[in-house]
Amino acid sequence: GVTLHEVTEGWPMGVQLAVSNLYRNGDLQGLISSVTGDVRRYFVDSVIASQPVDIVHLLVRIADLELIHPDLCATLLGREDIKPALKELQNNTPLFTHSEGSEWMRLHALARDILSERLAMLPRSERVLLSKRASSWYASQGLYEDAAQQSFLAGDVEDAIALISNNTYEMTIHGKSNAVLSWYNRLPNKQLEEHAAFWGPVGWALAMSDRNAQAEQFVSKILDQEGITETERFEAHLIQLTAAAFADQIDRVESTLDKWPTPPDTARPGNLPIYFISRAFVELYKGNPDKARQELALIADLSELDVYSPVSFGLRDYALGTSYLWEGRNAIAAQTLQPALIKAEMKLGRHNPVTCMLATSLATALWGSGQNDEPCALLAGRLPVLVKYGLPDSILQAFTTLASIADESGRQDKALDL
């Protein structure tokens, strides 16, 4: 569900409104919806309504932008003089969130919702023009995902696909499979059929989810292409075996790997870690954690500059930690997993599937080492992600660890439910 932090985005006044609401009503269950209403009213009555007409004019027209920059706003409105006013809004209102020392900013989610309602009332022709200008500006900055979103809003689906195709591989290796799936879900099948650059990233995103069976159609599309290269065939098989791993079909993982005793010389460097990780998991399931670690060690021989991806290296650390867990070496597993989790949270975010799997293994290791408090905190809010996007073993680990904690605490009823 939505958390209080997500509603307030860490905004102190939002937290104050939440505390005030809880004190006034004493309704913990209805707190989120009540706070959402309170924060929304605050934005409408106290922030947006107090702005000059030309500032509201600007705010409404940037409501559909995910990433906002003063130069982009000047381009949209054709007014360089808007920049100082934007800076003042950034410094003196809760409308924007931004990083210290950066000109990039985002609208607060609830403010954006309110302003988007007003944007929708503008003439369609004006909205299309704004989106086209924004798309061109984002593309000029190399921000193809944002550019594609604006082209899509402008109704130019072909341009949106062309732009997003420039970025889907990068999105995949940086753990943005949900964004890839979002594009897959909204684009017409006809356009997807015509853009082969989309097939691999969509296949990867589906493979690493509870929709893993659907990855096979994209594997087939890649393999059925005329003049398919060895590089493409190798990647298609990696997608296929990844889908099998997420479906808990380790025999299919092994049979697919048998086609590639060694990776081809032409393989994409970023695919090599996945190959060795897959071989490591096969060894684990055969009961050979030592051999699994030998496979993982081969990743260290690769050029990290060429092959690094926070997703694949996070999965490597997960496999390494799991190899120690399977031997009952909880302390070594924890030593391996703690720095890996910190790095994954920094690179991918708390709720990325790989981060959640690392947190699960660490929670299991700490619980096995006799630490009773931290495992619950590590797993907090992560179960829904694991159930949808986790490897079967990580899901089992999470529920087994939580059940053990509940049983140890005398909550046998909760343990049985888990």
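This is a predicted model: local features need pLDDT of at least 70, side-chain atom pairs count only at pLDDT 80 or more; totals for chains, interfaces and linings use all residues.
1. Which elements supply at least two residues each to the lining of the second largest cavity? They are α11 and α21. By class, this lining has 7 nonpolar, 5 polar and 1 charged residues.

2. Now the cavity count. A search of the whole structure finds 2 cavities of 30 Å³ or more. The largest cavity holds about 260 Å³ of space. Rolling a probe the size of a water molecule over the atoms is what shows where empty space is left.

3. The largest cavity has 20 lining residues. Nearest its centre lie Ala245, Phe246, Ile277, Phe281 and Leu391. At least two lining residues come from each of α16 (230–246), α17 (250–257), α18 (272–285), α21 (310–325) and α26 (392–408).

4. How do the lining residues of the largest cavity divide by class? There are 15 nonpolar, 3 polar and 2 charged residues. Find Phe246 and Phe281 on the model; both are among the residues nearest the centre of this cavity.

5. Next, the largest pocket. About 830 Å³ of space lies in it. Its lining has 24 residues, and the closest to the pocket centre are Glu66, Arg106, Glu145, Asp146 and Lys176.

6. Which element gives the largest share of the pocket lining? The answer is α9, with 5 residues. As for class, the pocket lining divides into 7 nonpolar, 7 polar and 10 charged residues.

7. Last, the cysteines. A disulfide is a covalent bond between the sulfur atoms of two cysteines. How many does the structure hold? The count is 0 disulfides.

8. Is cysteine 73 buried or exposed? Cysteine 73 counts as buried because its relative accessibility is 0%, and the cut-off for buried is under 20%. Cysteine 376 has a relative accessible area of 35%, so it is partly exposed. That class lies between the buried limit of under 20% and the exposed limit of over 50%.

Methods: Residues are numbered from 1 along each chain as its sequence is written. Side-chain values use heavy atoms; hydrogens and water are left out. A disulfide is a pair of cysteine sulfur atoms within 2.5 Å. Buried means under 20% relative accessible area, exposed over 50%, partly exposed in between (1.4 Å probe, protein chains only). On a 1 Å grid over the protein atoms alone, a cavity is a set of points where a 1.4 Å probe fits but cannot get out, and a pocket is an open set with protein on both sides within 12 Å along at least five of seven lines; lining residues have an atom within 4 Å of a point. Grid points are joined across faces, edges and corners, and a volume is the space filled by probe spheres set on the points. Helices (H or I, at least four residues) and strands (E, at least two) are DSSP runs, numbered from the N terminus. Ala, Val, Leu, Ile, Met, Phe, Trp, Tyr, Cys and Pro count as nonpolar, Asp, Glu, Lys and Arg as charged, and the others, Gly among them, as polar.
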